[in-house]
Amino acid sequence: MKISFPLVCLFLIFSFGALSQETNAPSFGKGLFNLVGKDSSWTMKVGARMQILATSNWDAINGSLTNPGQNFLVRRARLKFDGFAYSPKLIYKIELGLSNRDISGASEFTSNAPRYILDAVVKWNFYQNFVLWFGQTKLPGNIERVISSGNLMQVDRSLLNSTFTIDRDMGFQLRHHIYLSDKFLVREIFALSQGEGRNITTGNLGGHQYTTRLELLPFGKFISKGEYKGSDQKREQTPKLMIAATFDSNQNAVKTRSNQGSYMVTDTGFFETDINTLFIDTMFKYKGFSFMGEYAHRTANNPIAINSDGSLTGDEVQVGDGINLQTGYLFKNNWEVSGRFTNIKLDQEITSRNPQSQYTMGLSKYIVGHKLKVQTDLSYLSEDAGLDGLMYRLQVDIHF
C-alpha cells in the first residue's frame with residue numbers, strides 16, 4: 001500500500017507528541033518537544049511552523065486602480081529537526097516543506113518528485129574555530145536570503161532576493177571566525193556546491209559553483225544571532241553592525257539565474273556560461289532601530305543563449321544590478337513600523353526588462369517575537385515605460 005509523504009510526517013508528529021506528554025514540553029516557540037538520548041549522545045528538537053497569507057493586487061493606471069485580484073494561500077508549512085549526533089561538535093538540521101509553494105518545481109531533474117527537502121545538512125566543528133558543513137542548505141549569499149522566512153521584518157523578501165538570490169544548493173561549506181580584538185569579529189565562509197539548486201538528482205549538468213563570503217562585526221556579536229534576524233527584537237543596548245560581501249561564481253551554469261531560474265536548452269543540449277554574482281550588504285541595530293542594506297550585481301560571459309547555428313533560444317541570463325534598503329523601529333509595546341525601497345535594473349538590451357522600483361510600508365505586531373506575529377504591508381511597484389501596481393498583504397506566522 002502506498003502511503004503519502006505528508007501522512008508519514010503527520011504520523012511522526014503525533015507519535016512524538018505522545019512521547020512528549022510523558023515529559024515536560026518546551027515553552028511556546030521553543031519547539032514541539034526536545035529529545036535527548038539516554039546516554040546523552042544525541043539530541044533532537046522538533047519544530048513546526050506555518051504562514052497563512054492573503055494578498056490583493058491592482059494595476060495602477062493614471063491614478064486609478066484597475067484589474068483587482070485576490071489570493072489566499074498557505075505560503076509556508078514546514079517541519080524542522082535539529083540537534084547533535086554523537087558529539088556536540090557534530091550538529092545537524094533537517095527542514096521539510098509541505099505547502100504547495102515549498103514543494104513546487106518537480107521536473108525530470110528531480111526525478112519528477114516533489115521537492116520536500118529544504119535543508120539536510122551536518123556541521124562538524126573539527127578544529128578550534130573551523131566548521132565544515134556538508135549537505136543541502138542555503139549558500140552564504142545575500143543577507144536577506146539567509147534570514148529565515150520566519151524571522152523577516154516584513155511579510156516576505158524583496159525583489160532583489162527573488163531576482164538575484166543563489167538560494168540553496170548541495171555541497172560543502174567551510175566556515176571560520178577570528179577576533180581581531182576583544183570585540184571585532186571576522187567570519188570567513190567558502191562554499192563548493194553543485195550549482196544546480198536544491199533536490200537535483202540528475203547530477204551536475206555544468207561546472208561547479210564557488211561562493212566566498214566575508215563578514216565584519218566591529219562592535220561584536222549581535223544578541224541571539226540578531227544579524228540574521230529582521231527587527232531588533234532584543235533591543236541592542238550598544239550599537240551593533242555587520243558589513244559583509246559575497247562573491248559567487250557558477251562555472252558553466254545552465255540556468256538563467258545562476259543556480260536558480262529556468263534551464264537554458266539548445267538544439268544540442270544545454271547552453272553553458274560562467275555566471276558571477278556579487279553581494280554587498282550590511283545590518284545595523286540599536287535600541288529597537290534596525291537597518292538592512294543590500295547591493296547585488298550579476299554578470300555572465302555569454303548572457304544570451306544560442307543554438308549551434310547561432311540562432312537565439314529565447315533564454316538569457318538575468319544580468320544587472322539591484323539595491324534593497326530596509327529600516328524599521330520596534331516600539332516597546334512590540335508594534336513595529338518598517339519601510340523598504342528596492343530598485344532592480346537588469347540589462348535592458350539583453351533581458352528586455354525595464355527598470356523597476358518598489359516602495360513598501362509595513363506594520364507588524366509581535367505577540368511572541370517572531371514565533372507568533374501578525375504582519376501587513378502595502379507595496380507600490382513602478383516600472384519604467386511599463387505597468388505600475390499596488391499590492392496589499394496580510395500574514396499570520398506561527399512557529400512552535
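Author: Buried means under 20% relative accessible area, exposed over 50%, and partly exposed in between (1.4 Å probe, protein chains only). Strands are DSSP runs of E with at least two residues, numbered from the N terminus. This is a predicted model, where local features need pLDDT of at least 70, side-chain atom pairs count only at pLDDT 80 or more, and totals for chains, interfaces and linings use all residues. Residues are numbered from 1 along each chain as its sequence is written, and side-chain values use heavy atoms, leaving out hydrogens and water.

Reader: How many residues of strand β21 are buried?

Author: In β21 (residues 388-399), 9 of the 12 residues are buried, so the strand is mostly covered.

Reader: Which strands pair with β21?

Author: Two strands pair if DSSP finds at least two bridges between them. Strand β2 (residues 43-61) is antiparallel to β21, with 12 bridges, and S56 sits opposite Y392. Strand β20 (residues 372-383) also runs antiparallel to β21, joined by 10 bridges; here T376 faces L394. The hairpin of β20 and β21 has 4 residues between the strands, and A385 there takes a positive phi near 55°.

Reader: Is Y392 buried or partly exposed?

Author: Y392 belongs to β21 and counts as partly exposed because its relative accessibility is 34%. In a regular strand, side chains alternate between the two faces of the sheet.

Reader: Which strand gives the most to the nonpolar patch?

Author: That is β21, with 3 residues. β2, β19 (356-368), β20 and β21 each supply at least two.
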